[in-house]
Every structure is written in C-alpha cells, then in structure tokens.
Amino acid sequence: MLRHAVIAVCCFAWIACAKPPVGPPIPTPAPPVEPAPSAPCTRAERIDVSKSRRSLSVTCVGGGTLEFPIALSRERGPKRVAGDERMPEGDYRIIGPPRKSRFYVFIPIDYPSRADADRAFAEGRITKEEHAAIGHSHRLGRLPPQNTPLGGALGIHGEGPRWRGDLALNWTYGCIAVTDLAIAQLAKLVRPGTPIHIAD
C-alpha cells in the first residue's frame, strides 16, 4: 500500500512539473506610439470669422489652427453704411501692419471690398466716382477710400482697459474684438495680404 502511495505521489509531481506544450511564441506588444507634437503656428495662412459662433479661427501655414472668442458689433447684420455700427461680411484682406490703439492693438482690413462697392453702386448708395476709386485702390493693393458713404476704419483689435473681460457683450462699432492677449498673438502671425473671411 505504501508502494502505491509513493508511485501516486511521484506521478503527480511529474505531471505538475511537466513542461507545457511548445507553441508559437507570444508576441511582445509594441510600445505605444506617441503623437507627433503639432508644429507651432508661426504665420497665418487665412482667418475665418463666424459671427454666429462668436469665434475667430486662424489657419496656420503648415497646418494647425488657432481659435479665439470674439465680441460682436452693437448691431447685427452686414455693414452697409457709415455709422450703422455693423460688422461687414464677405472676403477681405489685412491691409496694413498692426498698430497701437486705445483697444491695445489694431489690425486694419481693406473694407469696403470691391463686392461691397459693387453692391452699393447698384443700390445707388455711392457714386460712380466713389465706386471707381474703391476698385482702383483694390487693384493696387491699397487701403480703399475710408470717407465714402460705406464707412471704413475697420479691422481686428483688442479690448483695451474699457472693455477688458467683456467679450460676451456686443460693443464694437463694426470691428472684430478679441482679448488683448489674442490680438498680441495675432499681430505676430498676420501679414498685409492675409485673407480674412467674415460670415454670419
């Protein structure tokens, strides 16, 4: 009986210590791939403004985007005449270098555009001479006349001390307002000629 017990123990030990069947090796998992860091934005390729989303989006040269909240003009709808306190809609360009202003920094755009002038002339809001002068300025890449019935002096600017922290309000006279920090960043990214599209 003792002999049977010894044989049983030895068999159990042999089975318990037996090597597992040889199979294909288990593959080592690949290390996680870290996403490549996004390239820094060093220059704006274009700017898109959405009034309904209250945002200004910068498409950077080489890819990537930046987005900033904006304050809107006091009145809604596309700008039509001087003093209507509305923001224009359409395609424009940055027309000059950033400059200091009471709103910290101001970046001018080439409003009124040729499309604005064509529309205004067809509706009898500007003269033939004013229409021609606006078109001539755009052909030369210059700031169009700012003293026509369509108004002017529009662009992107900061808040300045008076409106700091009030981007949720509609307080501009037709310009696009961003924070002072954002306008300082934009001033480094844009060049004269950078396209800007403003949509409702």
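Trainee: Which residue forms a salt bridge with Arg46?

Mentor: This is a predicted model, so local features need pLDDT of at least 70, side-chain atom pairs count only at pLDDT 80 or more, and totals for chains, interfaces and linings use all residues. Residues are numbered from 1 along each chain as its sequence is written, and side-chain values use heavy atoms, leaving out hydrogens and water. A salt bridge is a side-chain nitrogen of Lys or Arg within 4 Å of a carboxyl oxygen of Asp or Glu. The closest N and O atoms of this pair are 2.8 Å apart, and the partner of Arg46 is Asp48.

Trainee: Are Arg46 and Asp48 buried, partly exposed or exposed?

Mentor: Buried means under 20% relative accessible area, exposed over 50%, and partly exposed in between (1.4 Å probe, protein chains only). Arg46 has a relative accessible area of 30%, while Asp48 has 24%. Both Arg46 and Asp48 are therefore partly exposed.

Trainee: How many residues apart in sequence are the parts that Glu89 and Lys51 tie together?

Mentor: Glu89 and Lys51 form a salt bridge, with their closest N and O atoms 3.0 Å apart. Glu89 sits in the loop between β4 (72-73) and β5, and Lys51 in the loop between β1 (44-50) and β2 (55-60), so the parts they tie together are apart in sequence by 38 residues.

Trainee: Which strand holds Glu67, the residue paired with Arg53?

Mentor: The side chains of Glu67 and Arg53 meet in a salt bridge, 2.5 Å from N to O. At 46%, Glu67 counts as partly exposed, whereas Arg53, at 53%, counts as exposed. Helices (H or I, at least four residues) and strands (E, at least two) are DSSP runs, numbered from the N terminus. Arg53 is in the loop between β1 and β2, 14 residues from Glu67, which is in β3.

Trainee: How far from Asp110 is the nearest side chain of opposite charge?

Mentor: Asp110 is in the loop between β7 (104-108) and α2 (114-122). For charge, Lys and Arg count as positive and Asp and Glu as negative, while His and the chain ends are not counted. Asp110 is buried yet has no salt bridge. The nearest side chain of opposite charge belongs to Arg93, at a distance of 5.7 Å.
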